[in-house]
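Hi,

Here is the structure I promised to pass along.

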Amino acid sequence: MAAISVRGLGEDQLRQLKDQAHHQGISLNRLALSRLTGEPRPADGLHRDLEDLAGTWSEEEGNAFEAAIAPLEQVDLEFWG
């Protein structure tokens with residue numbers, strides 16, 4: 001693999017970029033292109049978040065979900081007391 005060199009970019013900064021690319025599951029090149037073009041996702045169209053699902057429930061579905069998890073929000077004082 002060829003060494004990567006960017007004037008003014010230190011080894012720590014390069015390591016951080018490589019770690020970020022690895023964490024996102026993309027190449028360093030893809031990360032750089034994404035940052036330079038302002039593209040929020042890799043050009044291959046893959047993304048690894050739930051952004052597309054946010055806000056897709058109807059009010060009725062949201063209310064049903066809130067009602068379903070309400071018991072989970074109760075503190076068990078005997079356990080935690």
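Below is what turned up when I went through it.

First, a caveat: this is a predicted model, so please read everything here as computed from it.

**Overall layout.** The protein chain has four helices and zero strands. Going from the N terminus, the order is simply α-α-α-α. Of its 81 residues, 9% count as buried.

**How helix 1 and helix 2 pack.** Two packed helices are described by the angle between their axes and the distance between the axes. For helix 1 (residues 11-24) and helix 2 (residues 28-37), the angle is about 100° and the axes lie 9 Å apart. An angle of 65 to 115 degrees counts as roughly perpendicular, so that is the label for helix 1 and helix 2.

If you want to find the contact on screen, look on the helix 1 side for Leu14, Leu17, Lys18, Gln20, Ala21 and Gln24. Their partners in helix 2 are Leu28, Leu31 and Arg35. By type, the residues of this contact split into five nonpolar, two polar and two charged.

**The salt bridge.** Side chains of opposite charge can pair when their charged atoms come close. How many salt bridges does the structure hold? There is one, and it links Asp12 with Arg15. The closest N and O atoms of Asp12 and Arg15 are 2.8 Å apart, within the 4 Å cut-off for a salt bridge.

Why can Asp12 and Arg15 reach each other? Both sit in helix 1, three residues apart, so about one helical turn separates them.

Is the pair buried or exposed? Asp12 is exposed, at 53% relative accessible area. Arg15 is partly exposed, with a value of 45%.

That's what I have for now.

Cheers

Terms used: Residues are numbered from 1 along each chain as its sequence is written. This is a predicted model: local features need pLDDT of at least 70, side-chain atom pairs count only at pLDDT 80 or more; totals for chains, interfaces and linings use all residues. Side-chain values use heavy atoms; hydrogens and water are left out. A salt bridge is a side-chain nitrogen of Lys or Arg within 4 Å of a carboxyl oxygen of Asp or Glu. Helices (H or I, at least four residues) and strands (E, at least two) are DSSP runs, numbered from the N terminus. Buried means under 20% relative accessible area, exposed over 50%, partly exposed in between (1.4 Å probe, protein chains only). Axes are lines fitted to C-alpha atoms, for helices over the stretch in contact, and angles run from 0 to 180 degrees between N-to-C directions. Angles under 35 degrees count as roughly parallel, over 145 as roughly antiparallel, 65 to 115 as roughly perpendicular and the rest as oblique. Contact means heavy atoms within 4.5 Å. Ala, Val, Leu, Ile, Met, Phe, Trp, Tyr, Cys and Pro count as nonpolar, Asp, Glu, Lys and Arg as charged, and the others, Gly among them, as polar.
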